[in-house]
Amino acid sequence: GDLDAAAAPAGPEPSDAVVALRVALRRLPAEQRALLALRYDEDFDLRDIAAVLGIPEGTVKSRLHHARENLRGLLDRMQP
């Protein structure tokens with residue numbers, strides 16, 4: 001999951017790509033952010049996410065697709 005900046009271990013500064021991704025993720029709607037976190041931070045599969053949210057797997061798949069497309073669009077618009 002997301003570590004608080006103060007709790008993060010000292011190390012190299014994040015790359016521009018990582019910073020851009022964090023900014024773009026914050027701009028996503030909360031529901032899309034939560035879906036992406038369940039899928040990629042928590043490594044839930046579609047069935048697990050569907051069970052947690054009480055929605056069909058097909059709906060999870062569709063919403064994840066839209067979240068990734070939205071994220072990709074945000075990142076594209078942030079490019080100089």
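A residue counts as buried when its relative accessible area is under 20%, as exposed when it is over 50%, and as partly exposed in between (1.4 Å probe, protein chains only). With that in hand, let's tour this protein, which has four helices and zero strands; helices (H or I, at least four residues) and strands (E, at least two) are DSSP runs, numbered from the N terminus. This is a predicted model, in which local features need pLDDT of at least 70 and side-chain atom pairs count only at pLDDT 80 or more, while totals for chains, interfaces and linings use all residues. Residues are numbered from 1 along each chain as its sequence is written, and side-chain values use heavy atoms, with hydrogens and water left out.

**The overall picture**

- Reading from the N terminus, the elements follow the order α-α-α-α.
- Of the protein's 80 residues, 20% count as buried.
- The protein exposes about 5,900 Å², and carbon and sulfur atoms supply 53% of that area; accessible areas come from the Shrake-Rupley method with a 1.4 Å probe, and for residues only the protein chains shown count as cover.
- Take the contacts (heavy atoms within 4.5 Å) between residues at least 6 apart in sequence: 56% of them join residues at least 24 apart.

**Helix 2 and its buried side**

- Which residues of helix 2 are buried? They are Gln32, Leu35, Leu36 and Leu38.
- These four lie on the same side of helix 2, because they cover an arc of only 160° around the axis; the arc is that of the directions from the helix axis to the C-beta atoms.
- The buried residues of helix 2 pack against helix 1 (16-27), helix 3 (46-53) and helix 4.
- Helix 2 is followed by Asp43, which has a positive phi, near 60°.

**Salt bridges**

- Glu31 is partly exposed at 47% relative accessibility, and Arg63 is partly exposed at 31%.
- Asp45 and Arg47 also form a salt bridge, their closest N and O atoms being 3.9 Å apart.
- Arg47 is exposed, with a relative accessible area of 56%, whereas Asp45 is partly exposed at 30%.
- In the salt bridge between Glu69 and Arg72, the closest N and O atoms are 2.6 Å apart.
- Where do Glu69 and Arg72 lie? Both are in helix 4, three residues apart, about one turn of the helix.
- An α-helix has 3.6 residues a turn, so residues three or four places apart point the same way.
- Glu69 is partly exposed, with a relative accessible area of 39%, and Arg72 is partly exposed too, at 44%.

**A closer look at Lys61**

- Lys61 belongs to helix 4.
- Is Lys61 buried or exposed? Lys61 counts as exposed because its relative accessibility is 56%.
- Lys61 and Ala50 are eleven residues apart along the chain, and their C-alpha atoms are separated by 9.2 Å.

Technical notes. A salt bridge is a side-chain nitrogen of Lys or Arg within 4 Å of a carboxyl oxygen of Asp or Glu.
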